[in-house]
Amino acid sequence: MEPLKLDVNVGGLFLKNPVIAASGTFGYGEEYAPFFDLGMLGGIATKGLSLKPRQGNPPPRIIETPSGMLNAIGLENVGVERFIAEKLPFLRQFDTKIIANIFGETPEEYEKLAAVLSCADGIDAIEINISCPNVKKGGAMFGADPDLAAEVTAKVRAETNLPVIVKLTPNVTDITRIALAVESAGADAVSLINTLTGMSIDIENRRPHLANITGGLSGPAVKPVALRMVWEVFHAVKIPVIGIGGITTAEDALEFMIAGAVAIQVGTANFIDPASTLAILAGIENFLDRHQIGDIRELIGSLRL
Amino acid sequence: MTERTDNLFSDAGFIRHNRQIAPGHFLLSISIPLAFPVPKPGQFCMLHLPGNEAMILSRPFSVHGFQKKKKEAVLEILYRVSGRGTQFLSNLTPGAEIRVLGPLGRGFWRLAGKRILLVAGGIGLAPLAFFLEREIEYGNHSTAFSIYLGAKNAEILEGLASRIPAGNQKLLPATDDGSIGYRGPITDILKKDLEHLATKETMILACGPTAMLKSLAELVTQKAVFCEVSLEERMACGIGACLGCVVETRNQNGSSTYKRVCKEGPVFDIREIVWSR
Ligand SMILES: Cc1cc2nc3c(=O)[nH]c(=O)nc-3n(C[C@H](O)[C@H](O)[C@H](O)COP(=O)(O)OP(=O)(O)OC[C@H]3O[C@@H](n4cnc5c(N)ncnc54)[C@H](O)[C@@H]3O)c2cc1C
Ligand SMILES: Cc1cc2nc3c(=O)[nH]c(=O)nc-3n(C[C@H](O)[C@H](O)[C@H](O)COP(=O)(O)O)c2cc1C
Ligand code: FES
């Protein structure tokens, strides 16, 4: 029998399989290396990187909610320079694609980040985070306005030859408008969704569970919303779509691919079981085998209506 | 490059028993494969709540006991029911499968000293009893141990005290209602005792509610005693990846940094912590 074909092309980013670890849930890879060979993954999206190191928000930063969690980390990160010097060499040891997730407070900061990362050896793609709900400036502000989203995308596009993925926020009325805007501004792919803004209150002391008051909802609870949005965006744009949101099992991942995602990212599930990504990959292979599908690409966007 | 710890385990264990030792307090014994690395006192594990779709995050618990047997290892957790997850845990019966991730974090530093005071607020006894058990096992006879144990009432205090390994340490009890021992916060007795102890030869290891740790922080700063505390913060991953569990710590230059309780802790030098809440 022919070997299974699992490789996918995400707008010029070639992955050996469609399973990517999602930004902010996989650190810089180090924490997961004790559990499995990171080279088994299609790709790893780094924690969101900013020009300068960021401290992040005060604690408490997380709270569990039914079938999910809220987080307001506030993009704590080591900054792009220390990332390149201290974290990237470790990641580069593995046979996997490194996707640098970037975050800025102004379009110019995104531009600079793209320039710096393009010079670093070992980055395979840039994922623009215009969708973080947990920071005051930038982030979701750019993601909610089609013109600003396009401006950030165009600025990054002009600075780099690497594939540019734009990560979209679900906290908008019509996600396809933003997707179309970044497509025309030169994005090679879109990834969605980032977290849904939410809130949780401790009724005993009537305080919010998070110091930031609101936070981003992730995990199985968001999956149906994410899936619907991936399906909508898949029909709206021509560029490839990466599906994200509540994926914890191979079945979840397959739903996203059938809805139109060429690849998927696994976030919160990494916290539930550090080897989730591997189990998801194995489950996908198993499914393809069982259905005698030789090439995973046959599955993408194959939703029957 | 940050340090890599390759000796981590994430796999299924089986519940041997899960028995109540006092109202709302349970001793959970889990059989796990021998491959589980030997934990250091102060380290913790993440327990996954099996067959549960709503509570997705694992719960952190200090290692309370660990023994290697011929074909398996036994991990003991001492816990208090304080919410839905621990309630769920208390209903699990022998034979149930439970995934364990660990051992995690940095344990207590074992400094040579003439006198070690273990200060436990309620369930905070869990890691301290394990620490003491290891000291007794290693045959540490040159150190005098005292346990300051605070609890709500006599019933809970006695249940917890039954988990202290046999040895010639001193037990100093305090309860909120005075039903046994001193009536009031455990730090009151400690404060008195510290008046006449040579602080240079004394060290304190503590674990308990924030209010207790805060008064302890004041006490040891006045007295200049070395003191390590095991902290609690909500966790998602337990391995340092999510940055969810941070506490504010003091730098030498007066500025502050967030440190991860799961990775840089859960045990910290008490002087490092900025107590804001
Ligand atoms: C390093 C460490 C060691 C611990 N060791 C022990 C132990 O040995 N015995 C014991 O009884 N308890 C211990 N705890 C506390 C224990 O983790 C919580 O009591 C437990 O998570 C409560 O879960 P719940 O679902 O019952 O409570 P809920 O309040 O319903 O939980 C909601 C969420 O908040 C988190 N949470 C609630 N309280 C705490 C807390 N105090 N600390 C951290 N997270 C919390 C839960 O994990 C969950 O994600 C430890 C905590 C930490 C961080
Ligand atoms: C703790 C945490 C931190 C995150 N940090 C980032 C980040 O730095 N950049 C980013 O683009 N997305 C970040 N995300 C969003 C995830 O990458 C993902 O889009 C989202 O969690 C939905 O997927 P999931 O349900 O599989 O977790 C974070 C999510 C969590 C839970
Ligand atoms: S619990 Fe995730 S970093 Fe500590």
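A polar contact is a pair of N or O atoms within 3.5 Å. The legends below use this term for a predicted model.

View 1. A backbone N or O atom of R80(B) is 2.9 Å away from an oxygen atom of ligand 1. For G85(B), the distance from a backbone N or O atom to a ligand 1 oxygen is 2.7 Å, and for R84(B) it is 3.4 Å. The protein covers 84% of the 820 Å² of accessible area that ligand 1 has on its own.

**View 2. The shell of residues around ligand 1.** Ligand 1 is located between chains A and B. There are 22 residues around this ligand, and P60(B), L78(B), G85(B), T86(B) and E232(B) come nearest. By type, the shell consists of 10 nonpolar, 5 polar and 7 charged residues. Three elements of chain B, namely β4 (59–62), β6 (73–80) and α1 (84–90), each contribute at least two residues to the shell. The largest share, 4 residues, is from β4(B).

**View 3. Ligand 2 in the largest cavity.** The largest cavity holds ligand 2. Residues from both chain A and chain B surround ligand 2, so the site is shared between chains. Of the 24 residues around ligand 2, those that come nearest are S23(A), K167(A), G219(A), G246(A) and T268(A). The shell is made up of 7 nonpolar, 15 polar and 2 charged residues.

**View 4. Backbone atoms of chain A beside ligand 2.** Oxygen atoms of ligand 2 lie 2.6 Å from a backbone N or O atom of G246(A), 3.0 Å from one of I193(A) and 3.1 Å from one of G48(A). On its own, ligand 2 has 610 Å² of accessible area, of which the protein covers 98%.

**View 5. T96(A) in a loop of chain A.** T96(A) belongs to the loop between α1 (80–92) and β7 (97–102) of chain A. The relative accessible area of T96(A) is 9%, so this residue counts as buried; the cut-off for buried is under 20%. The side chain of T96(A) reaches the backbone oxygen of G42(A) at a distance of 3.3 Å.

**View 6. C227(B) in a strand of chain B.** C227(B) is part of strand β13, which covers residues 226–230 of chain B. C227(B) is buried because its relative accessibility is 0%. Between C227(B) and P266(B) there is a separation of 39 residues in sequence, and their C-alpha atoms are 14 Å apart in space.

Key. Residues numbered from 1 in each chain as written. Chains lettered and ligands numbered in written order. Predicted model: local features only at pLDDT ≥ 70, side-chain atom pairs only at ≥ 80, totals over all residues. Heavy atoms only, no water. Near = heavy atom within 4 Å. Polar contact = N/O pair within 3.5 Å; in protein donor to acceptor, adjacent residues only side chain to side chain. Areas by Shrake-Rupley, 256 points an atom, 1.4 Å probe, with all protein chains shown as cover. 1 Å grid on protein atoms, 1.4 Å probe; cavity = no way out; pocket = protein on both sides within 12 Å on 5 of 7 lines; lining within 4 Å. Sits in = over half its atoms within 2 Å of the grid points. Nonpolar A, V, L, I, M, F, W, Y, C, P; charged D, E, K, R; others polar. Buried < 20%, exposed > 50% of the residue type's maximum accessible area, 1.4 Å probe, protein only.
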